[in-house]
Every structure is written in structure tokens, then in C-alpha cells.
Amino acid sequence: MYQVQFKRLPGNEDIELPSKMSELAAGYDVRAAVTEPITLHPGERKLIPTGFAMAMPGELEAQIRPRSGLAFKHGITCLNSPGTIDADYRGEVKVLLVNLGQEPFTIERGERIAQMLFQVVPAVTIHEVEELSDTIRGAGGFGHTGV
């Protein structure tokens, strides 16, 4: 079990910290800590504050991902998804939202805007080599196996 510490930032005592909405949910819902409603027009993107900072062990990263309901119903999604929060970052967590829908969408204070998942980051070492081992696939990519 990993321990992640959350610090509620001043002026955000009314904003819930990330929480799971069901017992077996993988993600923790993250809420908007906007001081006033923000409208995202079609094609527009904005960085939305969450009102918290956090500290997690070096073995973890946090990933910010879209909420399926916002994406399906309104076309609201996260850019740079999944967004990575590194273990050594201590600033306010913010969510980069974009409106891919056809109608303006207003984000209210305390609204659930994204989900955060924690992932273990494996320790790796980088080794430069002259040649790589061969595979059947080789360098094939970007649709090489069909449509």
C-alpha cells in the first residue's frame, strides 16, 4: 500500500479532495476549484485549478484522465491525456480541459472534471547499443497490420 499526501490549498476548504465514486473504481474524481464559473466554448481549452497539491512516493506517478460522462455528453475531455504528475511535483494540480463539443460548457466550482489514477513507475536503466534484436514486426508501425 502506498501513501499519498494531499494538501488543500488556502481558499479551497469547500472543495472535496479526490475521491472514488464507487468501491472498485480505479480513478479518483478530481473537482474544479474555480473561483467563478468558467465557460469553455467549442474548440477552447483552459487550465482548471483543483485546489490541492500532493506528495507521493517516488515509485508512483499520477495520471489525469477524462471523465467518460463529460466526454460523451458534452465533448469535454483532457488534452495531453493521460497527463502525468511526477512524484517530485509539489505545485497545485491543474487539469487541461478542452471542449470538443458543439455547445459552450460551463464549469462550476466543485464540479467533477477529471479522474486521477495512480500507477507504479518501474525503475529502468538506459543502455545504448549498436544493434537491436530482430523481431517479426521489425520497424512496422502506424497501421502496418491492416486498416
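Analyst: A salt bridge is a side-chain nitrogen of Lys or Arg within 4 Å of a carboxyl oxygen of Asp or Glu. This is a predicted model, in which local features need pLDDT of at least 70 and side-chain atom pairs count only at pLDDT 80 or more, whereas totals for chains, interfaces and linings use all residues. Residues are numbered from 1 along each chain as its sequence is written, and side-chain values use heavy atoms, with hydrogens and water left out.

User: How many salt bridges does the rule give?

Analyst: The count comes to 5 salt bridges. In one of them, the side chains of Glu16 and Arg31 meet at 3.6 Å, N to O. Glu16 lies in the loop between β1 and β2 and Arg31 in strand β2, so the pair ties together parts that are 15 residues apart in sequence. Strands (E, at least two residues) are DSSP runs, numbered from the N terminus.

User: Is Arg31 buried or exposed?

Analyst: Buried means under 20% relative accessible area, exposed over 50%, and partly exposed in between (1.4 Å probe, protein chains only). Arg31 counts as buried because its relative accessibility is 12%, whereas Glu16, at 45%, counts as partly exposed.

User: Which residues does the salt bridge network link?

Analyst: The network links Asp29, Arg67 and Arg112. Elsewhere, Glu44 forms a salt bridge with Lys46, with the closest N and O atoms 3.7 Å apart. Both partners are partly exposed: Glu44 at 25% relative accessibility and Lys46 at 28%.

Key. Helix = DSSP H or I, 4+ residues; strand = E, 2+ residues; numbered from the N terminus.
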